[in-house]
Amino acid sequence: MFQATRCRLALWYTSVTAVLLLCFASGFYLYVRTTLVERVDDTLNHVLEVVQRSLVIEPGSVEARVLTTPTATGPSLRVNVEASFRDNAQAAEDDHIDLEWFSPQGTLLWSTLSEPLPIPLHVNPAGETVSVTEEQVLRQITRRVQAGNQVVGYLRVSHPWFEVTKPTRRLLADLSLGICVTVGAVAAIGWLLSGLAIAPVRDSYQQLKQFTADASHELRNPIAVIQTNVQVALADPNPNPQAQQGQLQVIERLTRRLGRLVDDLLFLARQDGGLTAMQWQAFDLNHLLADVIEEQQAIAQDQTLHLSYQPPATILDAEATIMGDPDQITRLFTNLISNSLQYTPAAGTVTVTLSPDKHQGHSYWQVRICDSGIGIPAAALTHVFDRFYRVDPARAKPCDGQRPAPKGHRTGSSGLGLAIAQVIVQNHKGQIQIDSVVDKGTTVTVWLPMASPR
């Protein structure tokens, strides 16, 4: 699926680029060709103006190489061909321009061409392209020459058309080669960029698949146990009140677990979608931690663990004010302390400390949660914030050096606690770090920015 999507993206990149290049090349080619034709026409018009001004028009008697044009009224005028064109042949040859002079009746009287052109006389002041042979194509302008109201002749100038076709053909070849090379380069780059663009989507898809599989696994097991207990209770013809009481307790415990799991999933989904607004306010982190410790003391005592809290050392630090959502911060440290209690064997210790700290050039309140639990293998530290990831043999094969949870240790967590903790810390522009040594304990360090003074 992703390979086909990548191919389509690369094809779209290449197609759009090719269309744009074709449009640009066509416009550029037409612009250059039109410019060349206009330059040729300007040159021909300039030659016509120069030659027309040099014509020697005389009234009088008829001579051997003089054209006489009678008019309806008034004396006739004539053009002295010899005097008018004696210096124009060499200049026209140097400029690759041929001149032809025609009588008023259309008879060719003078030309720079070695042979007359087999083209009829046609007045075209705007210019036209004519084909003499398949190989000889000319650009011509023919103008009627008048003296007063009398037509004294026709002047035609011709320019080789290859001076337009030769550069335009070279330009067309260069543009075609450039387009092919560019499209090929764009195809290769498009394939690379589409791969880079599709990589996050592929990773997100794989994470979604893993998340869905893990969520379905976490939901399926409690539901299956609940269903089994209900079926056993319904199938018993002589129900025992004590047995039913035990089954109801199991069902109640599993429904609480499902409720916590659904609540965690809903929290993460809302955070990922930005659907939950943060309730920003200033509050005392010291008091909040004291309340969380007090709530967790009952669990610690039930597991014969020693849970202690060390507030800031100096009186000036007693007001540990931060800006944030108190509910989310409470959930953050409840999850972290619960994890430490859960993975610390009986008679172990969990210590929570709060102190100011300079971390990466900024002022933070540092909260350290240290326990003497079973620890986390080094290979698993990079995955502890992944959703549904648990360093537990019940979830996956143990890593090298991984130890099972101690006897009597709770293993009912969903694997979302640290993922939720990371999201909450990121929401508050803080940082979280976990250091652990197997069989010696784990230290979780959280940095939360200090509240700026008003």
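A salt bridge is a side-chain nitrogen of Lys or Arg within 4 Å of a carboxyl oxygen of Asp or Glu. The structure holds 5 salt bridges, and three of these pairs are described below. This is a predicted model, in which local features need pLDDT of at least 70 and side-chain atom pairs count only at pLDDT 80 or more, while totals for chains, interfaces and linings use all residues. Residues are numbered from 1 along each chain as its sequence is written, and side-chain values use heavy atoms, leaving out hydrogens and water.

**View A. Salt bridge between D174 and R170.** The N to O distance is 3.5 Å. Both residues belong to helix α4 (residues 162-235) and sit 4 residues apart, about one turn of the helix. Helices (H or I, at least four residues) and strands (E, at least two) are DSSP runs, numbered from the N terminus. D174 is partly exposed at 41% relative accessibility, whereas R170 is exposed at 57%. Buried means under 20% relative accessible area, exposed over 50%, and partly exposed in between (1.4 Å probe, protein chains only).

**View B. Salt bridge between R256 and E252.** The closest N and O atoms are 2.3 Å apart. Helix α5 (residues 241-273) holds both R256 and E252, 4 residues apart, about one turn of the helix. R256 is partly exposed, at 41%, and E252 is partly exposed, at 39%.

**View C. Salt bridge between D41 and R139.** The side chains meet at 2.9 Å, N to O. D41 lies in helix α1 (residues 2-54) and R139 in strand β7 (residues 137-147), so the pair ties together parts that are 98 residues apart in sequence. D41 is buried at 11% relative accessibility, and R139 is buried at 10%.
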